[in-house]
Amino acid sequence: MPSSSLTLLFAAALVVSLLVKLWLATRQMRHVAAHRDEVPAPFAGTVSLQAHRKAADYTLAKGRLSLLSMAFGAVVVLGWTLLGGLDALNTAVREAVLPRWGDMAYQLSLLGAFALVSGLLDLPFELYGTFRLEQRFGFNRMTWGLWLKDTLKGIAVTVVLGLPLAAAVLWIMGAAGDRWWLWAWIVLTAYQLLMMVIVPLWVMPLFNKFEPLADEGLRERVQALMQRCGFAAKGLFVMDGSLRSAHSNAYFTGLGRSKRVVFYDTLLQQLSPAEVEAVLAHELGHFKHKHVLKRMLGVFAFSLAALALLGWLANQVWFYAGLGVQPNLDAPNDALALLLFMLAVPVFGYFVSPVLAQLSRRHEFEADAFACRQASGQALANALLKLHEDNAGTLTPDPLYVRFYYSHPPATERLAALRAAAS
Ligand SMILES: [Zn+2]
């Protein structure tokens, strides 16, 4: 392919995806604003007008911030690629590091420098989101001191866990010949499985406190449910999610010995025991229907295909030149190829997101149906509504926006399905 064709294709995908993103976001905002003053009929008795308006205002505020961050994000990708940002960074790092420290140090430094600059560019949006937007709607519990501690710990974890992986992949790319991508995939897959064991045991406790579920009555209830469903998890834990945010959640995590159920303390404060049981039954439904396994296999298959593609692209001069970078003549191009690939894949991959969202929504319906059989569907409906209200989720999203992005069906559809299952 001539490099100018790739340039044109990439620029077109970037512009079209940005336009679609902006169009969908403004549709969503218009739709929510238009329904701000009336609680939808199925919720008229249960959701107050005040809560409904708060959800609309919260959705609109997040929407305005996302318009800005989408436009900025597209400019940043353009800046890195066609406008020469990555090329300039590469030249600077190569000249500073390569003569004294060699190939591997140069490549790792390039990845590090890129991560640092990207992180700094995202920082204003992250800070505004947490300390202004979430604060204004009463969700934020984060302090500046905690934020600083989190950031430093996050960098330390990334260096300790990420650097060896990056070094291993770069070494394989340089040493394993034409089939390097197959070896890299094996290492990457093993690493991901290892992380599923390590992260719940060693990493997450660096950021949050996890305590065994103390509530006797709830624990018995939850254990009875898990036995009924034939599910063995080693532990039930309560996490101090309230440390950072008033948003609530529950999740399953881990693999093998580290497999566990985690409830946010905020969830336990908001829901009755029957509702917690129903939420857990929904999560168990994801396991029983093998959604977790399917998702994992999907990720592994995708990364194999992506690495095979990169294995081919990394040898094509037009891949670099077409995306605004001069390949090195006197040093390996592996780190450079990785970065370019990471910048380009989401631009083209955006158009696949509706398919993945559709699949995810189908899984949610299946998990809800499972929860109805194993626990109370009415309790699940109540829990969903409470969580929706406490997280200020909108009840009136734009239908097209939902089709494109929503990983969970909107509350209206989920509650209707639950009611149908109950009757
Ligand atoms: Zn779910």
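1. Buried here means under 20% relative accessible area, with over 50% called exposed and values in between partly exposed (1.4 Å probe, protein chains only). His-52 sits in helix H2, residues 49-80. Helices (H or I, at least four residues) and strands (E, at least two) are DSSP runs, numbered from the N terminus.

2. A word on the source: this is a predicted model, where local features need pLDDT of at least 70, side-chain atom pairs count only at pLDDT 80 or more, and totals for chains, interfaces and linings use all residues. Residues are numbered from 1 along each chain as its sequence is written, and side-chain values use heavy atoms, leaving out hydrogens and water.

3. Which residues does His-52 touch? Not counting residues up to four places away in sequence, its contacts (heavy atoms within 4.5 Å) include His-35, Glu-38, Pro-40 and Leu-395.

4. Now look at the largest nonpolar core, which has 47 residues. Such a core is a set of buried Ala, Val, Leu, Ile, Met, Phe, Trp, Tyr and Cys residues joined through side-chain atoms within 4.5 Å. Helix H12 (residues 334-349) supplies its largest share, ten residues. Leu-86, Leu-110 and Phe-319 have the most contacts inside the core.

5. Finally, try the strands: E3 (residues 250-253) and E4 (residues 260-264) pair in the antiparallel sense over four bridges; pairing requires that DSSP finds at least two bridges between them. Phe-252 stands opposite Val-261 in E4. Ala-250 and Phe-252 point one way from E3, Tyr-251 and Thr-253 the other, and all are buried.
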